[in-house]
Amino acid sequence: MYTKEKLGGRKKGEESQSQIDQKIQQKLKKTLEELNVVTKEALRAIEQRLDYLEKQAERDS
């Protein structure tokens with residue numbers, strides 16, 4: 001007699017590949033959103049520093 005496992009089926013409580021893929025996609029989306037926020041904050045800090053340096057250069061000249 002063949003078991004579900006031998007026939008390629010899932011064991012009770014095991015997730016399907018589409019469920020696993022969906023969880024991975026959700027985690028990737030969350031990670032990308034977090035990365036986007038961090039990138040925007042870093043860009044804002046760089047722009048502020050650049051403005052400061054430009055103003056300082058104007059004063060020095």
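1. Of the 61 residues in the protein, 2% are buried, where buried stands for under 20% relative accessible area, exposed for over 50% and partly exposed for what lies in between, with a 1.4 Å probe and protein chains only. The model is a predicted one, in which local features need pLDDT of at least 70 and side-chain atom pairs count only at pLDDT 80 or more, while totals for chains, interfaces and linings use all residues. Residues are numbered from 1 along each chain as its sequence is written, and side-chain values use heavy atoms, with hydrogens and water left out.

2. The protein has 1 helix and 0 strands; helices (H or I, at least four residues) and strands (E, at least two) are DSSP runs numbered from the N terminus. The exposed surface comes to about 6300 Å², of which carbon and sulfur atoms supply 54%, the areas being Shrake-Rupley values with a 1.4 Å probe, and for residues only the protein chains shown count as cover.

3. Ser 16 sits in the segment before α1 (17–60), and it counts as buried because its relative accessibility is 13%. The side chain of Ser 16 makes a polar contact of 3.1 Å with that of Ser 18; such a contact is a pair of N or O atoms within 3.5 Å, where within protein one must be able to donate a hydrogen and the other to accept it, and residues adjacent in sequence count only if both atoms are side-chain atoms.

4. The whole structure holds 1 salt bridge, a term that requires a side-chain nitrogen of Lys or Arg within 4 Å of a carboxyl oxygen of Asp or Glu. The partners are Lys 23 and Glu 15, whose closest N and O atoms are 2.5 Å apart. Lys 23 is partly exposed because its relative accessibility is 43%, and Glu 15 is partly exposed because its relative accessible area is 34%.

5. Ile 20, Ile 24 and Leu 28 make up a nonpolar surface patch with about 250 Å² of accessible area together. Patches take residues with over 30% relative accessible area and no salt bridge, joining like charges within 9 Å and nonpolar side chains (Val, Leu, Ile, Met, Phe, Trp, Tyr) within 5 Å. Leu 28 belongs to helix α1 and is exposed, since its relative accessible area is 51%.

6. A surface patch of negative charge gathers Glu 47, Asp 51, Glu 54 and Glu 58; Lys and Arg count as positive and Asp and Glu as negative, with His and the chain ends not counted. Glu 58 lies in helix α1 and counts as exposed because its relative accessibility is 60%.

Note on methods: Charge placed at Lys NZ, Arg CZ, Asp CG, Glu CD.
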